[in-house]
Amino acid sequence: LPVQSVWAVARLPNGDIVTGTNDGVVRIFSADPARQADQATLASFQDDIANFGKADEQEIGGVKVSDLPGPEALYEPGRADGQTKMVREGAKVVCYSWSAANGEWSKIGDVMGAQAAPGKTIYNGKEYDFVFSVDIEDGKPPLKLPYNRGDDPWLAAQQFIHRNFLSQQFLEQVANFIITNSKDDTVAPPVSGAVDPFTGGARYIPGGVGGSGAGVTGTDPFTGGTRYVPGSGPPTQGSGMSTTDPFTGGTRYVPNGTPATSPSNLFPQTSYLRFDQGNLQPIQDKLIELNQRQPDNVSHDDLLAVVKLGNLGAGADSAALTTLRRLLNWPPEVVFPVLDVTRLALRNSAINDSLCAEPQGAELMTVLENHLSSSGLPTNQMLALRVTCNMMSHPRGEALVISKRHFLLAAVRQLATSKANKTLQIALATLLLNLSVAVLRVNDVPCQHEVVASLSLVLPWLPEPEAVLRGLVALGTLLQHSGSLHAEVSPETLERLKTSQSAASDPTQTKVANCARQILNLLKLQ
């Protein structure tokens, strides 16, 4: 049959065979010449089979035609407006585009092949040195990963993840796959000036973090998550000398993991951490791109005014703030750069006062609460947590966060699952650390118990070392304040503390071990 798959076969009472196939056609086969089609129809059928067999070996844009889905793929709704999908219809390949407004796939036209230059492969109309086939899920066609020698493999991996709606946890694995299989000697090690997967400019990872005034040296060049780089400034507001610890301001660890001096206390923490790292140009480019797709889009000048709010030291432009509040109501799948601008804007005192004062503060918290629900998108959950942390940079935002502390602790406990990726783990732990400082400042004893109980639920499953470190600093800060809180530490957390004591060569792991030992000493269990 000239089809990809047969969905149903039945025998009729007269002995004929009927088939139902993925192309939506019902065909009846008979051994009785009286019920058979005429010669022209039979010849056409044989031609369809021959052409279909040839199509199996053809490639269009680096995609093997036989790997393409049939028309049945159009029953599945698109994930984003403008998403395109190639579908095999008989021997032809047809391109469709998803219309979110109409809720349907619209036919764009037939897809035609092209001849690539020697040594090149065409994918989506462009020539590449490599077009890898990546098996992500059994039973489904492999995904295509294009790559040219000299390109940034981390950028190519990020684009592949974004294009195919994959988890961010695959980034390092995909990048290493490219490096290994391309044998590209021109690849340089990733540096702090990474590349934006959306624009090709400076890398835009929503809510990327680093030290205030410390550049991007506190940002992982592969995942965009926060990490402690020996000799770098802390990933918080303010920065000290190059040898300061990100939490205590004390001595740091040298690259081989040996303390430059004896370990200093890693707690108590007395100030809030915030997420400062951000490159506004790629965020602006993404906002402009997404704004064009919105039915209620804003003018280009208004959009630029919103982006300027993210500059450190920016004033509270009332018109721009009104536009920002409007953009925060964008659909969940496109709102992430708006949340990122909000995160950066809240570092400024006047903007913080404006967005966090009533009634705007309640409006902002409603937006964040929606994204912090269990059904929220992981990127938006992470950004909402980072926005909340940065709200605490100034008194008005600090008061708003403290007023919502019970909700926020419940949200953290709800989001603390094994599915949380590295950046979400760090955002969760940072908010817990900031709340531990906050509840001590306002002397809320019941909430101090709630924070310790929340940490006891979260810490046992956290795999990311930087997140573990921040959680342990939060726990140590509260336990040192009051012995009455010691009973809140769960047996699972005590076990995690004991297993975390062994030092490692990695600076963050070493700090985790030291912090765990200090807490066990505090609990008189060491």
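Arg441 sits over the face of Tyr272, 4.3 Å from the ring centre; a charge counts as over a ring if NZ of Lys or CZ of Arg is within 6 Å of the ring centre and within 35 degrees of the ring normal. This is a predicted model, with local features needing pLDDT of at least 70 and side-chain atom pairs counting only at pLDDT 80 or more, while totals for chains, interfaces and linings use all residues. Residues are numbered from 1 along each chain as its sequence is written, and side-chain values use heavy atoms, leaving out hydrogens and water.

Turning to rings, a search of the whole structure turns up four aromatic pairs (rings of Phe, Tyr and Trp, the last by its six-membered ring, with centres within 6.5 Å; planes under 30 degrees apart are stacked, over 60 edge-to-face, the rest tilted). Phe132 and Phe177 have ring centres 5.3 Å apart and planes at 75°, so they make an edge-to-face pair. Phe132 belongs to strand 11 (residues 130–134) and Phe177 to helix 3 (residues 171–182), so the pair ties together parts 45 residues apart in sequence. Helices (H or I, at least four residues) and strands (E, at least two) are DSSP runs, numbered from the N terminus. Phe132 is buried at 11% relative accessibility, whereas Phe177 is partly exposed at 29% (buried is under 20% relative accessible area, exposed over 50%, partly exposed in between, with a 1.4 Å probe and protein chains only). Ring pairs link Phe130, Phe132 and Phe177 into a cluster.

Then there's the sheet: three strands, open, antiparallel, in the order 1-2-3, where pairing takes at least two DSSP bridges between two strands. Strand 1 (6–11) and strand 3 (26–29) are the edges, each pairing on one side only. Five bridges join strand 1 to strand 2 (residues 17–21), and Ala8 stands opposite Gly20 in strand 2.
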